[in-house]
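Please read the points in order, with the structure open beside you.

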Amino acid sequence: MEIQDQSTARMGGFAGILGSALLLGVFAFLAVFVGLDTLDAQAALERYPDIRWARIIENAAYLFALALWALHSVTLFVVLRADSPATALAAMVMSVLGLTILAAGAIPHTAETVISDLYNAPDTAAELMPVLIVAWEVSLGWVDTFVVTGVVLAPVGLLLYGIAMLRSSDFGSWAGWASILFAAAGFYAAISSLIEESDIVGVGIFALVFFHTVIGVVSLRLR
């Protein structure tokens with residue numbers, strides 16, 4: 001491997017690991033400051049003003065973590081393109097597309113502040129309250145749609161990266177099979193979520209976390 005590609009791989013590996021650590025930190029932050037209880041729409045609206053600052057931090061950190069993962073995905077293409085140009089290119093496109101859709105899932109959260117402000121305003125008409133509750137549920141539905149769609153596409157990138165790594169002398173077969181295993185976990189979560197709405201979609205997110213952590217470490221050690 002050329003020195004320039006080594007530098008690129010290490011930068012990408014560091015970005016992937018940092019993105020995973022940041023996202024895990026987001027989950028821990030939410031557990032401490034927001035809680036893991038599932039609230040109905042009305043209760044969530046009433047509580048939102050108290051946790052608004054936490055949600056802002058969550059979304060900012062979430063977007064930054066996905067951007068770091070996207071950087072890692074691009075650097076993987078740079079390293080793998082010599083041995084598998086077509087597969088590596090397809091892997092990068094699918095990975096970045098999936099991450100972009102996951103990032104778009106943060107956009108509907110911007111509507112939550114507006115809906116909450118209207119709901120909790122003292123001069124809001126009582127007949128408007130049910131409408132605001134429905135609007136809140138719709139915004140959360142859009143978030144779920146973006147997340148599930150991103151989890152459907154991103155594992156395709158992991159699978160293709162795994163195939164490219166199997167053909168690469170730099171990564172080795174174990175990294176390729178590990179990537180394929182993470183892709184399988186992501187596919188399972190995506191298909192299960194499409195069949196029936198459930199929290200199992202989180203398995204797909206953690207598959208991405210482990211992929212960018214494990215392959216990030218491998219990228220740091222490439223020679």
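**Helix packing and the main pocket**

1. Helix α6 (residues 173–195) and helix α7 (residues 201–220) pack at an angle of about 165°, with their axes 7 Å apart. Axes here are lines fitted to C-alpha atoms, for helices over the stretch in contact, and angles run from 0 to 180 degrees between N-to-C directions. The two helices α6 and α7 are therefore roughly antiparallel to each other, a term for angles over 145 degrees.

2. The model is predicted, so local features need pLDDT of at least 70 and side-chain atom pairs count only at pLDDT 80 or more, while totals for chains, interfaces and linings use all residues. Residues are numbered from 1 along each chain as its sequence is written, and side-chain values use heavy atoms, with hydrogens and water left out.

3. α6 passes α7 in a left-handed crossing, where the near helix is turned anticlockwise from the far one by less than a right angle. The contact (heavy atoms within 4.5 Å) is made on the α6 side by residues including W174, F182 and G186, and on the α7 side by residues including G204, F210 and F211. The residues of this contact divide into 13 nonpolar, four polar and no charged; Ala, Val, Leu, Ile, Met, Phe, Trp, Tyr, Cys and Pro count as nonpolar, Asp, Glu, Lys and Arg as charged, and the others, Gly among them, as polar.

4. Helix α3 (residues 85–104) and α5 pack at an angle of about 160°, their axes being 7 Å apart, and that makes α3 roughly antiparallel to α5. α3 passes α5 in a left-handed crossing, and the contact of α3 with α5 has 20 nonpolar, six polar and no charged residues.

5. The largest pocket has a volume of about 1600 Å³, a volume being the space filled by probe spheres set on the grid points. On a 1 Å grid over the protein atoms alone, a pocket is an open set of points where a 1.4 Å probe fits, with protein on both sides within 12 Å along at least five of seven lines, and lining residues have an atom within 4 Å of a point.

6. Of the 42 residues that line the largest pocket, R55, E58, V143, D144 and D199 lie nearest its centre. α2 gives the most to this lining, with nine residues, and by class the lining has 24 nonpolar, eight polar and 10 charged residues.

7. Overall, the secondary structure of the protein comes to seven helices and zero strands, where helices (H or I, at least four residues) and strands (E, at least two) are DSSP runs, numbered from the N terminus.

Methods. Angles under 35 degrees count as roughly parallel, over 145 as roughly antiparallel, 65 to 115 as roughly perpendicular and the rest as oblique.
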